[in-house]
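Welcome! Here is a short tour for anyone meeting this structure for the first time. Keep the view open as you read, and follow along topic by topic.

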Amino acid sequence: MKVSRYNIFYRMDNEWIAYNSFSNSLAVLGEENYREFSKFEKNNNYLLDEEFLKKLQQGGYIVEDDCDELQLIEYEKQAERFNQSTLSLTIAPTLNCNFRCAYCYEKERYENEVMGEDVQNSIIDLIESKKEDLKQLAIAWYGGEPLLAIEVVESLSENLKALCTTNNIGYSAVIVTNGYLLTDVYAQKLQKAGITSVQITLDGLEERHNKKRPLKNGEGTYRRIIDNIKSNAHYFDEILIRVNCDSENITEYTNLYNEIKALKLNNIKMYASPIRDFDGCYSCGGCIDKAEFKELESGIYKSLGGEIYKRFILDKYPVRGANYCGAQINNSLIVAADGKMYKCWGDVGNTNRTFGNVCDINKVDVNKCIYYFNAYKGEDCKQCSYYPICSGGCPHENRIGKADVCEYNEKILNDYLEEIVKYKRKKA
Ligand code: SF4
Ligand code: SF4
């Protein structure tokens with residue numbers, strides 16, 4: 001037996017928080033147990049109490065001598081990359097948008113084009129060609145603003161669902177929308193289209209949001225989005241409110257949280273996300289450093305206390321993931337309104353980054369794209385105790401040499417874990 005290479009222990013008052021980033025186990029050890037464990041760490045022949053040893057094994061803190069966790073991670077990465085049983089398809093039925101957000105990375109890519117029947121049919125053909133291996137089709141509607149092309153969402157959804165039913169393929173669909181058009185009529189259409197989860201972005205309280213995310217004509221959008229959420233959330237299993245944060249608005253998160261909470265909706269989750277400089281800044285200012293963001297975020301969650309874990313943020317518990325994002329996975333594709341295909345959400349509409357067209361699928365080489373999105377910090381990551389939960393960071397950021405790709409550092413992880421321990425103890 002030997003200790004896992006992914007044990008992360010640190011002191012919390014008179015105890016030790018013991019987390020393992022590979023098994024994702026979390027335990028609290030008293031001084032005595034910690035001392036015993038340390039003795040084993042120094043000398044594998046040290047005899048631990050049988051019961052204690054069993055628990056350490058169950059938690060993955062101690063593993064068999066021949067267990068190579070790093071190799072297992074690498075295997076999982078490859079297995080997920082070439083798994084043919086799930087197809088994740090992001091569809092942008094239009095790149096047109098009714099908003100003009102200050103930081104939008106699709107800024108110079110607005111087009112009025114709406115996905116035509118030829119592209120829709122080619123998407124169906126693509127799935128037909130994969131149907132023998134397929135067990136699950138996961139659709140994400142994206143844009144531009146996908147509700148500006150609601151008729152495509154409706155018609156294509158009908159065809160996709162029918163294809164899945166005929167071939168016994170599981171079907172799920174989510175949508176990313178700015179929420180402005182999410183009226184009762186549109187919400188019903190989306191429900192009929194099989195969409196169960198809606199992600200809507202807010203940028204702060206009313207005044208700030210209206211400045212950052214106005215309509216094309218400059219009018220504010222906040223009040224109508226909130227009204228739409230309040231009236232129509234019941235059509236969906238889940239509403240995810242993403243709060244795009246920069247150095248200016250992150251301080252408003254707590255007040256926004258209280259405003260959303262006051263809607264008294266059970267199916268709502270809210271989380272903060274940093275506005276990042278994707279490929280050169282669009283001069284909105286205030287893009288936030290990842291480490292700085294995480295620190296501010298952790299401060300916010302702390303100030304909101306344990307209740308935040310119930311339903312107002314996505315679960316922050318760090319779990320092992322094979323790949324960082326769909327760009328690294330063979331069967332994860334993005335199709336824009338004109339049929340052009342992409343791997344990275346940030347590339348949509350940038351024709352220099354397309355790797356082919358769904359209408360000409362025989363010329364598409366997805367494996368080549370995976371190679372492109374294989375970038376990570378190499379040996380640094382392989383030696384890093386956060387590797388199982390970080391997966392090496394955003395491959396695009398790695399490729400362009402961003403300095404702050406790391407998802408975790410000691411402080412960030414410790415802060416999260418400490419809050420989780422406190423919350424669980426309060427609940428117990
Ligand atoms: S490569 Fe980075 S920016 Fe692109 S989809 Fe993946 S995580 Fe997002
Ligand atoms: S990107 Fe940074 S935190 Fe993530 S695994 Fe690599 S070295 Fe570790």
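Helix α1 (residues 31-42) lies across β2, β3 and β4, running at about 145° to β2. Helix α16 (residues 410-427) lies across β2, β3 and β4 too, and its direction makes about 65° with β2. Please keep in mind that this is a predicted model.

**The three-stranded sheet**

- The sheet under these helices is open, with three strands in the order β2-β3-β4 and antiparallel pairing.
- At its edges stand β2 (7-12) and β4 (26-29), each with a single partner strand, so one side of each has no neighbour in the sheet.
- On average, and ignoring direction, neighbouring strands here are turned by 25° against each other.
- Six bridges join β2 and strand β3 (residues 15-20) in the antiparallel sense.
- To find a bridge pair by eye, look for Arg11, whose bridge partner in β3 is Trp16.

**The nine-stranded sheet**

- A second open sheet has nine strands, and its order is β11-β10-β9-β8-β7-β6-β12-β13-β14.
- The pairing in this nine-stranded sheet is mixed.
- Its edge strands are β11 (268-274) and β14 (356-357), each of which pairs on one side only.
- Helix α8 (residues 222-232) packs on this sheet, where α8 touches β9, β10 and β11 and makes about 155° with the direction of β9.
- Strand β9 (residues 195-202) and strand β10 (residues 238-245) pair in the parallel sense, over six bridges.
- Within that pair, Ser197 stands opposite Glu238 in β10.
- Helix α9 lies across β9, β10 and β11 and runs at about 160° to β11.

**Where two helices meet**

- Helix α9 (residues 253-261) and helix α10 (residues 290-304) have axes that come within 10 Å and cross at roughly 50°.
- The crossing of α9 past α10 is right-handed.
- On the α9 side, the contact is made by Tyr253, Thr254 and Tyr257, while α10 brings Ile300, Tyr301, Ser303 and Leu304.
- Sorted by class, the residues of this contact between α9 and α10 are five nonpolar, two polar and no charged.

**Around ligand 2**

- Which residues are found around ligand 2? They are Lys377, Cys381, Cys384, Tyr387, Cys390, Gly392, Cys406 and Tyr408.
- By class, this shell around ligand 2 holds six nonpolar, one polar and one charged residues.

Methods. Residues are numbered from 1 along each chain as its sequence is written. Chains are lettered from A and ligands numbered from 1 in the order in which they are written. This is a predicted model: local features need pLDDT of at least 70, side-chain atom pairs count only at pLDDT 80 or more; totals for chains, interfaces and linings use all residues. Side-chain values use heavy atoms; hydrogens and water are left out. A residue is near a molecule or strand if one of its heavy atoms lies within 4 Å of it. Ala, Val, Leu, Ile, Met, Phe, Trp, Tyr, Cys and Pro count as nonpolar, Asp, Glu, Lys and Arg as charged, and the others, Gly among them, as polar. Axes are lines fitted to C-alpha atoms, for helices over the stretch in contact, and angles run from 0 to 180 degrees between N-to-C directions. Helices (H or I, at least four residues) and strands (E, at least two) are DSSP runs, numbered from the N terminus. A crossing is left-handed if the near helix is turned anticlockwise from the far one by less than a right angle, and right-handed if clockwise. Contact means heavy atoms within 4.5 Å. Two strands pair if DSSP finds at least two bridges between them.
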